[in-house]
Amino acid sequence: MASLEQSVLQPAYPSIQKLQAYPAGKPLDEFKREYGVEDVIKLASNENPIGCSPHVTLAITKELAELFRYPDANSHYLKQALADYHELPMEYFTLGNGSEEIINLIGRCFVSHNDSVVFGQYSFIAYPLVTASQGATPIEIPAKNYGIDLDGMLNKIKNNSSVKVVFIANPNNPTGTLLTSEKLDEFLQQVPQSVLVVLDEAYVDYEPSCDNQHLIQKYENLIILRTFSKAYGLAGLRVGYSISNPQIGDIFNRVRQPFNVNKLAQSAAIAALADQDFINKVRDSNLSQREWLYNQIDALGLNYIKSHTNFILLQVNDATKMDQLLLQQGIIIRSMEEYGLNEWIRVTIGTEDENIRFIDTLTELLNHTDF
Ligand SMILES: *Cc1c(COP(=O)(O)O)cnc(C)c1O
C-alpha cells in the first residue's frame, strides 16, 4: 500500500512541497508565562500602538446584530468611500483580506512557474513567498544603501523576458527607506508594458509626500497596494486594497473568494477612512517619537537607517543575542537575521512610555553585556 506521503500528501504542484509554514509568534499570554514577565511590550509587527479611531468601535458595534448575514461581496460602500477619498472611480479598487491577500492574488492571477518575479534584497518577505508558492523564479536585486535599487531592477527586467511582476515596497519594509515619485515615474517609463509593477504603499500614511496614486492614470501596468493594518490600526481585522486599472481588478474578481472581506472589516474600514483627524494625530505622534528615538540612539552611539515609517532599523552587532536579551526583559522586537542582516534589529515605534522603556532597557543591556 502506498504511504500517505506517496498518496494524499503528494502536493498538486512541486512548488508546494518546498514551502514552509509561516513561523507564528507565541500568543502574548503564553510568552508571559514562559519568560515569567508580566508587562510585555510588542514592537515587532509595526502595528499602531495608539490603536484605531474611536469611530471604528461604534461602527463595529452597530454591525453585531447583523453577523448572521454574509458580508457584501462587492464591498460596495467601502469602495465608494475609497473612491471619494482617492478621487478615482470605484472600479479602480479591489479589496482584500489584508493587502497580503492581494499579493497572493497577484501571484495566482499573473505568475506561472515559467515566470520570474523581481524584488529588492531586504524587502517585504511576502514577495519571495508568493514567488515560491507559484513555483516561479525569484530575482532578488541587491540593495543600494539599504534601499531599493531601481536601476538594478531595470537592468534585470530589460535583459530577461521571463520577468512578469516587480514588487516594490515604498517606503520599504524592513529598512524604512523611500524612493521619490520622480524616481518611480522615470522607472515606470522604462518598464515594458508586459511587466506588472506592484507598488506596496503600506506605510504611505506616515509619509503622505510619497503618495503615487497619480501614476495609476499614467501606467496601466501599475498596481498600488494600501492597507488598514498600519496607521489605521486595524491589523486584526484584515483589510487592504489595491488601486489599479479596472481590467486588472476584473481578473482579481474572477479568482478571489466572494466574501473575502468580512462585515466588521468593511464597516470598520469605512469609519477609519472617514476619521482623517485620527490619522493626522497618529502621524504627528509617530514623527515626534521617531525624532526622540533618533536622539536617544545617537546618544548610545548606535547606527540606524533614517526611516519614513513607524519602525527603525537599528544596528546592534549581534541581532539574535539582542533579540533574546530584550525578550527576557519583556520587549519583543524583530531580529533581521532572517533577511541576512545579522547585526540589525527592527523596532516598531511605540507609545512614549513604550519607547522610554525600550531605550532604558537597551541602555542597560549595552552597559552590562558584551556587545
Ligand atoms: C505590513 C505590511 C503589509 C500589510 O499587510 P496586511 O496584509 O494588509 O496586514 C503589506 N506590505 C508591507 C510592506 C507591509 O510591511
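Visitor: What volume of space lies in the second largest pocket?
Guide: This structure is a predicted model. The space in the second largest pocket comes to about 340 Å³.

Visitor: Which residues lie nearest the centre of the second largest pocket?
Guide: The lining of this pocket is made up of 19 residues. By class, they divide into 7 nonpolar, 7 polar and 5 charged. Those nearest the centre are Lys 144, Ile 148, Leu 150, Leu 179 and Lys 183.

Visitor: Which helix gives the most to the lining of the second largest pocket?
Guide: Two helices, H7 (150-158) and H8 (181-190), each supply at least two residues of the lining. The most, 4 residues, is given by H8.

Visitor: Is Ser 307 buried or exposed?
Guide: Ser 307 is located in the loop between strand E9 (303-305) and strand E10 (311-315). Leaving aside neighbours within four places in sequence, Ser 307 is in contact with Gly 176, Arg 290 and Tyr 294. Its relative accessible area is 4%, and the limit for the buried class is under 20%, so Ser 307 is buried.

Visitor: What class of accessibility does Pro 258 have?
Guide: Pro 258 sits in the loop between helix H10 (246-255) and helix H11 (263-274). Its relative accessibility is 47%, which falls between the 20% and 50% limits, so Pro 258 counts as partly exposed.

Visitor: What separation is found between the C-alpha atoms of Pro 258 and Asn 74?
Guide: Along the chain, Pro 258 and Asn 74 are 184 residues apart. In the model, their C-alpha atoms are separated by 7.6 Å.

Technical notes. Residues are numbered from 1 along each chain as its sequence is written. This is a predicted model: local features need pLDDT of at least 70, side-chain atom pairs count only at pLDDT 80 or more; totals for chains, interfaces and linings use all residues. Side-chain values use heavy atoms; hydrogens and water are left out. Buried means under 20% relative accessible area, exposed over 50%, partly exposed in between (1.4 Å probe, protein chains only). On a 1 Å grid over the protein atoms alone, a cavity is a set of points where a 1.4 Å probe fits but cannot get out, and a pocket is an open set with protein on both sides within 12 Å along at least five of seven lines; lining residues have an atom within 4 Å of a point. Grid points are joined across faces, edges and corners, and a volume is the space filled by probe spheres set on the points. Ala, Val, Leu, Ile, Met, Phe, Trp, Tyr, Cys and Pro count as nonpolar, Asp, Glu, Lys and Arg as charged, and the others, Gly among them, as polar. Contact means heavy atoms within 4.5 Å.
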